[in-house]
Amino acid sequence: MMQVIKIPYSIFFIIITIMIFEVVSVFAAVAPLEPKNLNKKSDFIVSGTVINILKKNQKSKIEKSFGIHRDQIFNVTLKVTKVSKGEGVKINQHITIKAWRPLLRVPPIPGPQGHYPLPEIGDKVKVFLIKEANGKYSALLPNGFSIIN
């Protein structure tokens with residue numbers, strides 16, 4: 001006959017909690033890229049003036065673990081004044097660049113912290129871009145925007 005070992009609920013809860021935090025601790029914020037890596041990883045490098053920023057809050061597409069996770073999505077419209085790398089973007093063209101930041105994490109967990117810094121309307125910026133499969137532009141994560149006011 002098999003003997004069943006009874007574990008008090010408090011010990012069971014502590015063991016499960018430790019296991020969850022061990023799995024979660026694998027994820028961390030993304031370290032800023034060095035200038036040579038920004039140049040290397042970008043498809044485009046453009047400079048210009050921010051003329052508009054649209055913000056919206058949405059369920060996170062980045063964080064998929066258990067909990068309530070919301071991100072703030074930014075669509076930054078830039079009037080291009082200089083193209084340092086890449087072909088297809090023209091001077092005086094208006095391009096929209098996607099960026100994001102976490103807005104809410106319940107439970108609070110470590111992970112990517114989005115784009116930092118983010119420009120304001122009127123800022124002059126240099127942006128290191130990647131072109132996504134859908135033809136849209138995203139700033140490199142996390143420091144693809146360089147404010148040069």
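User: How many cavities of 30 Å³ or more are there, and what counts as one?

Analyst: A cavity is a set of points, on a 1 Å grid over the protein atoms alone, where a 1.4 Å probe fits but cannot get out. Points join across faces, edges and corners, and volume is the space filled by probe spheres set on them. Here the count is one cavity of 30 Å³ or more. The largest cavity holds about 30 Å³. This is a predicted model: local features need pLDDT of at least 70, side-chain atom pairs count only at pLDDT 80 or more, and totals for chains, interfaces and linings use all residues. Residues are numbered from 1 along each chain as its sequence is written, and side-chain values use heavy atoms, leaving out hydrogens and water.

User: Which residues line the largest cavity?

Analyst: Lining residues have an atom within 4 Å of a point. For this cavity they are I62, E63, R105, I109, P110, G111, P112 and Q113. By class, four are nonpolar, two polar and two charged.

User: What makes a nonpolar core, and which residues have the most contacts inside the largest?

Analyst: In soluble globular proteins, nonpolar side chains tend to be buried together. A core is a set of buried Ala, Val, Leu, Ile, Met, Phe, Trp, Tyr and Cys residues joined through side-chain atoms within 4.5 Å. The largest here has 19 residues, and V46, L78, I95, I97, V127, L129 and F145 have the most contacts inside it. Elements giving two or more residues are β1 (44-59), β2, β3, β4 (124-131) and β5. A second, separate core of five residues includes L33, L38, I45 and L140.

User: Is D71 buried or exposed?

Analyst: Buried means under 20% relative accessible area, exposed over 50%, and partly exposed in between (1.4 Å probe, protein chains only). D71 counts as buried because its relative accessibility is 1%. D71 lies in strand β2.

User: What polar contact does the D71 side chain make?

Analyst: A polar contact pairs N or O atoms within 3.5 Å; within protein, one must be able to donate a hydrogen and the other to accept it, and residues adjacent in sequence count only if both atoms are side-chain atoms. The D71 side chain pairs with the S60 side chain at 2.7 Å.

Technical notes
Helices (H or I, at least four residues) and strands (E, at least two) are DSSP runs, numbered from the N terminus. On a 1 Å grid over the protein atoms alone, a cavity is a set of points where a 1.4 Å probe fits but cannot get out, and a pocket is an open set with protein on both sides within 12 Å along at least five of seven lines; lining residues have an atom within 4 Å of a point. Ala, Val, Leu, Ile, Met, Phe, Trp, Tyr, Cys and Pro count as nonpolar, Asp, Glu, Lys and Arg as charged, and the others, Gly among them, as polar.
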